[in-house]
Amino acid sequence: MRISSTVYQLQWLASIRRQQQELADNQAQVSSGKRINTASDDPAGTAQAILLQQGLDRLQNYASNSETARRRLSLEESSLSQATDVLDRVRELAVQAGTGAQTAESRSAIAAEAAELLDGLLNTANAQDGEGRYLFAGNQVKARPFIQSGTVQYVGDHGVRSQRVADARTVQEGDPGSAVFMQIPAANGSFSVAAGAGNQGSASWSSATVTAGQAFVPGSYTVVFTSPTTWEARNGGTVIASGTHAPGEAISFQGATLEFQGTPAAGDTFTVATAGFRDAFTTVQDFIRTLAQPTNTPAARAAFQNRLNSDLQNLDQALQHVSNVRSQVGARLSTIDQQAENNADLNVELSGSLSAIRDLDYASAISKLEQQLNSLEVAQKAYARTQSLSLFDVL
């Protein structure tokens, strides 16, 4: 079978074109630093690289979400710290107001400071995040959540905003103002004590706690002093407990234990009822109103002390509640930091895997490139020589 020189030439040219293409591909890899520049370079590797890149993109989004949540939670924690300082100062003023050395003028000065503190507490509750969004507005972040018209009202919603910081983890980035400042357990959290408006004695309750080892039985009860030394606890018209009393002694019924100071008059009453909820603003406003009460008679002094004791209980509850919310915010910040560390470790692993698949081994690629250049140069020279050969040269 005869093979013409044209066939040889075509085969040689095809080989040279193939070497040129391989050289061009290798040059593109060296130039980009990537082993895979197109899907055809390594279809299986390309598919795996896409999955790894998607994982890295998600981690980048999670990092952005984490930073957003961290910033808002840090601002919330700062606002809660300010609220704690305000409530703590109001409590100090309440303790100060209860001392016997206070006069009407000094209590008026205390009331003026408490009013300023109330304004500060309201401003804290309406704090923003620097981008015009209110921290405690729920989902209505563009609207001022607390307004004052006689009393302070919450006009935000109860929505909770969350950020995803990992494939299977979200973090709450804030708390609605209703949960922070409004829904605070009143009194001791189980029951409240209120003195009858017509009491004539000098008795005031000094302690109201749940009886050790028991639970308060929800309801509304009335403690009636039938004489300065005897008492009855009534549920409606039914006497459920009774006993004798001396100043400083405790009386107990239905899981409630009360202690009184001073001497009650026959017929004096105290209502014991299941505690509900109240807001921090009303608690401070009640304290300001208490400071305006007269104390010029033993009965008036007892009425003032009874109200002040209730104010102190409510302030303690507000302080504890804000502290609990602040602890939850701290726990979320800790969660974000922990997850950020986990995401950083995962980022390193995914980046390493992606690099192993997609990135170029420069030493090997350059060595191969030099070999290809030499081979192509030799092939081109050989082809040029064969093209110039003629049978007439040897005749």
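**Figure 1. Phenylalanine 270 in the predicted model.** Phenylalanine 270 is buried, and its relative accessible area is 0%. The model shown here and in the other views is predicted. Phenylalanine 225 is likewise buried, with a relative accessible area of 0%.

**Figure 2. Aromatic pairs, with phenylalanine 225 and phenylalanine 270 as the example.** The count of aromatic pairs comes to 12. One of them joins phenylalanine 225 and phenylalanine 270: the ring centres are 6.1 Å apart and the planes stand at 80°, so this pair is edge-to-face. The angle decides the label, because planes over 60 degrees apart count as edge-to-face. Phenylalanine 225 belongs to strand S8 (residues 220-227) and phenylalanine 270 to strand S13 (residues 269-274), so the pair ties together parts that are 45 residues apart in sequence.

**Figure 3. A cluster of rings.** Phe136, Phe146, Tyr154, Phe181 and Phe281 are linked into a cluster by ring pairs.

**Figure 4. An arginine over a ring.** The face of phenylalanine 304 has arginine 107 lying over it, at 5.3 Å from the ring centre.

**Figure 5. The largest pocket and its lining.** The volume of the largest pocket is about 300 Å³. Its lining is made up of 21 residues, and those nearest the centre are Val193, Ala194, Ala195, Asn306 and Arg307. Strand S6 (191-195) and helix H6 (298-358) each give at least two residues to this lining. H6 supplies the largest share, with eight residues. Sorted by class, the lining of the largest pocket holds 11 nonpolar, eight polar and two charged residues.

Terms used. Residues are numbered from 1 along each chain as its sequence is written. This is a predicted model: local features need pLDDT of at least 70, side-chain atom pairs count only at pLDDT 80 or more; totals for chains, interfaces and linings use all residues. Side-chain values use heavy atoms; hydrogens and water are left out. On a 1 Å grid over the protein atoms alone, a cavity is a set of points where a 1.4 Å probe fits but cannot get out, and a pocket is an open set with protein on both sides within 12 Å along at least five of seven lines; lining residues have an atom within 4 Å of a point. Grid points are joined across faces, edges and corners, and a volume is the space filled by probe spheres set on the points. Helices (H or I, at least four residues) and strands (E, at least two) are DSSP runs, numbered from the N terminus. Ala, Val, Leu, Ile, Met, Phe, Trp, Tyr, Cys and Pro count as nonpolar, Asp, Glu, Lys and Arg as charged, and the others, Gly among them, as polar. Rings of Phe, Tyr and Trp (its six-membered ring) pair if their centres lie within 6.5 Å; planes under 30 degrees apart count as stacked, over 60 as edge-to-face and the rest as tilted. Buried means under 20% relative accessible area, exposed over 50%, partly exposed in between (1.4 Å probe, protein chains only). A charge sits over a ring if NZ of Lys or CZ of Arg is within 6 Å of the ring centre and within 35 degrees of the ring normal.
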